[in-house]
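My notes follow the order in which I checked things.

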Amino acid sequence: MSEEIKMIECENLIKIYKSLDSEVVALQGLDLTVNKGELMAIIGNSGSGKSTLLNMIGGLDRATAGKLYVDGKDLFLLNEKEMIDYKRNTVGFVWQNNARNLIPYLTVSENIQLVLNIGKQKDIKNRTNELIELVGLSRRKNNCLSELSGGEQQRTAIAIALANNPSILLADEPTGSVDTKTASQILDVFRELNHELKLTIVIVTHDRAIASKVDRVAAIRDGRLSSEFIRKKSYAEELKELKSGIISEDSSEQIEYAVIDKFGRVQIPNEYLDELNIKGNSKVKVEILNDKIIVLPPEKK
Ligand SMILES: Nc1ncnc2c1ncn2[C@@H]1O[C@H](COP(=O)(O)OP(=O)(O)O)[C@@H](O)[C@H]1O
Ligand SMILES: [Mg+2]
């Protein structure tokens, strides 16, 4: 594990949205590390801070406090101009609503060429075809966007996100407006890109089915990382076994870990607290017993 290169490092990351009459603490000291070449998902209820986190990592907005390093850069230290370069060269973005990136009356090729033109890229024709092939859209490249299915449109959006050759691909609810089958196909595109280009990919989703298909899932609760789900067997291992004809039991199962931060804080799932009738913002007894730490409701007087 020690030779892993860190691509994203958030430490005690805080984001406060301020307006005239209110303050929202969207990230409350979030810790997260993503290694280079990792494909991971972030899950959490609506309003838990997923998009905020992605926007901070993508440089679309600035965090309030904490540490945030991406691809070796300290995002807190970048000035406006450096931030623009960072957005241009380091990250690619995919959103749920792809209309944000695409023009319906242009073809797949034309949409991609448009972006390559803006980026003043060389050899636009070859690069366009390369990108189209990467996302598996060669057969549809001369179709207008309006003629494509939701999944195909999303593939085009992914191709565009890859146009500047980013080191990280960030996707915010990329399968939010398509059916289950299409969602699974879109995930396959991400998996292929991760595998072939060794691209680091972070997908925000509330689709549990999607989340169960990546090696690591980080769960956010109230602007903080609460637990992680790690796959028992990685996809690479599983693929290898499949190819060599080994048939093993279903290994798609994930193990859940609660996250403990450097101050020793752990978030205990609400269901567990409810089960023992322990209220939040109160006291519990914490004891050590052999190799276990036990949390108990307070004794009744
Ligand atoms: N631009 C903003 N101004 C004020 N509050 C915001 C803004 N963006 C998000 N929030 C608030 O921050 C919290 C986290 O939001 P968000 O990151 O969008 O959550 P998620 O993507 O998990 O649904 C929510 O309470 C939301 O209302
Ligand atoms: Mg969101």
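**Conventions.** I am working with a predicted model, in which local features need pLDDT of at least 70, side-chain atom pairs count only at pLDDT 80 or more, and totals for chains, interfaces and linings use all residues. Residues are numbered from 1 along each chain as its sequence is written, while chains are lettered from A and ligands numbered from 1 in the order in which they are written.

**Gly47.** I found Gly47 in the loop between strand S3 (39-43) and H1. Is it buried or exposed? Gly47 is exposed, because 12 other C-beta atoms lie within 10 Å. The scale calls a residue buried at 20 or more other C-beta atoms within 10 Å of its own, exposed at 12 or fewer, and partly exposed in between, with C-beta atoms placed from the backbone. I also checked Gly47 against Leu276: they are 229 residues apart in sequence and 27 Å apart in space, C-alpha to C-alpha.

**Helix H1.** Six of the eight residues of H1 are buried, so the helix is largely enclosed by the rest of the structure. The buried ones are Lys50, Thr52, Leu53, Leu54, Met56 and Ile57. Gly59 follows H1 and has a positive phi, near 75 degrees.

**Four-stranded sheet.** I read an open, antiparallel sheet of four strands, ordered S2-S1-S4-S5. S2 and strand S5 (73-74) are its edges with a single partner strand each, so each has one side without a neighbour in the sheet. Pairing takes at least two DSSP bridges between two strands. Strand S1 (residues 6-18) and S2 share 10 bridges. Lys15 stands opposite Leu27 in S2.

**Seven-stranded sheet.** This open sheet has mixed pairing and the order S6-S7-S8-S3-S9-S10-S11. S6 and strand S11 (254-258) are at the edges, each with a single partner strand, so one side of each lacks a neighbour in the sheet.

How enclosed is strand S6 (residues 91-95), and why? Five of its five residues are buried, so S6 is largely enclosed by the rest of the structure. Val91, Phe93 and Trp95 cover one face, Gly92 and Val94 the other. Five bridges tie S6 to strand S7 (residues 168-172) in parallel. Trp95 has Asp172 as its bridge partner in S7.

At the other end, strand S10 (residues 224-231) runs antiparallel to S11, with five bridges. Ile230 pairs with Ile255 there.

**Domains.** I took the bounds from an automatic or database domain assignment. It gives domain 1 (1-90 + 166-182 + 189-267), domain 2 (97-165) and domain 3 (269-301). The C-alpha centres of domain 1 and domain 3 lie 30 Å apart.

Note on methods. Helices (H or I, at least four residues) and strands (E, at least two) are DSSP runs, numbered from the N terminus.
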